[in-house]
Amino acid sequence: MTSRMTPPERMTSVMSGQKPDRIPVVPFILGYASKITGISLGDFYADGDKCFDAQFASMRLHGYEQTPMYGYASLGPWEFGGKIGFPYGKGQGAPYVIEHPVNTIDDIENIKVPDFRKELPGGYKQADTVASRCAEHGMPITVQIGSTFTAASVVAETSEFFSWILTDPDKVHQLLEKVSDMFINALDYFADKYGPQALLPFDGGPSESNTMISPQMFEEFAYPYMQKIHNHVKELGIHAVLMHPCANQNANVPYYTKMREENDWAGKYVWLFGPETPVNKQIDAFGDYDVICGNINPPLFLNSTYEEVMELCRENIEEGIDSPGGYILAPGCEFPLDASPIKVMAMMDAAEMYGSYS
């Protein structure tokens, strides 16, 4: 079967609540793009132009619907004055923290919220380069605006941060407030420069997973700042957000549904949960309003054959294709850096074979 729509038409159809010719494919590809285009992974994250070029080439090569973006799990420390390292070394997969800006409880008072009006802080310089290149091609601009909890857990020395939740929660809230203000400033900058309707902000992180904190801690330390940022998203007139609650966040789902209600937001979320959260549970919680992404376990793309990936995709498609708000085939987190191109081909072939709406 030959698809009739172009990738932009297909995504526009899904985001507007229509049925495209087939389901879109968003493989959540970042570092993999550097591997297949010959760009070093360190340069991929250190140079916004190379980051865009690699992702754009991968997108054209495979024909999937994902457009370039910039972000990584350890965003936050560099922006607040700490130091990060770029992944030039063997076995490194993304930027990593060398020096946390908050190492003692007293450091929280001293750090300043990054001011985007003077100079873009840290990784947002690269993000702006990717954004400008996306704007030139009329593609959505995906910039990282969360999660506050995950970012705060690496702005501070991580083990200390989790101990302070128990010993000095007021200071933790002070840090979370500053980190959320950084994301508010990022939203303001990118919405002002590119227009709110061009943005598809990205929010997500693993530190608030239920393997790290209880749902009660999520309610106290994660939810208020997520709700604050998403209320600002609504105020700016942004219509859609890419959400990636990473790892096991099943017990946090009620708070994600509550956020829409409390903010009285009529926009659309694109939910990309980890493989721990079944697709049918996502449809029950969000399917009437939002787009549900598949959540194939990423390591399976490394160790499975082409035929096995096809079968994994078929099963995932059958679970999600009838979701009222739309469905996108995707892995449950970033596509593995070292997976072979034939595994992306399997996703594309499965979408054509099993994901047709016509």
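## One side of helix H12

In helix H12, which spans residues 279–286, the residues Val 279, Gln 282, Ile 283 and Phe 286 are buried, where buried means under 20% relative accessible area, exposed over 50% and partly exposed in between, with a 1.4 Å probe and protein chains only. They cover an arc of only 100° around the axis, which puts them on the same side of H12; the arc is that of the directions from the helix axis to the C-beta atoms. An α-helix has 3.6 residues a turn, so residues three or four places apart point the same way. The face of H12 turned away from this buried side carries the exposed residues Asn 280 and Asp 284.

What covers the buried residues of H12 includes helix H11 (253–263), strand E5 (268–271), strand E6 (291–293) and helix H14 (306–320), with contact meaning heavy atoms within 4.5 Å. Helices (H or I, at least four residues) and strands (E, at least two) are DSSP runs, numbered from the N terminus.

## About the model

This is a predicted model, in which local features need pLDDT of at least 70 and side-chain atom pairs count only at pLDDT 80 or more, while totals for chains, interfaces and linings use all residues. Residues are numbered from 1 along each chain as its sequence is written, and side-chain values use heavy atoms, with hydrogens and water left out.

## Cysteines without disulfides

The structure holds zero disulfides, a disulfide being a pair of cysteine sulfur atoms within 2.5 Å. The sulfur of Cys 51 is too far for a bond because the closest cysteine sulfur, in Cys 134, is 9.1 Å away. Cys 246 is also in no disulfide, and the nearest cysteine sulfur, that of Cys 333, is 3.8 Å away. Cys 51 is buried, with a relative accessible area of 0%, and Cys 246 is buried with a value of 14%.

## The largest pocket

About 870 Å³ of space lies in the largest pocket. Its lining is made of 37 residues, of which Met 11, Glu 65, Thr 67, Pro 140 and Leu 200 lie nearest its centre. A pocket is an open set of points on a 1 Å grid over the protein atoms alone, where a 1.4 Å probe fits, with protein on both sides within 12 Å along at least five of seven lines, and lining residues have an atom within 4 Å of a point. Grid points are joined across faces, edges and corners, and a volume is the space filled by probe spheres set on the points.

The largest share of this lining, five residues, comes from H1.
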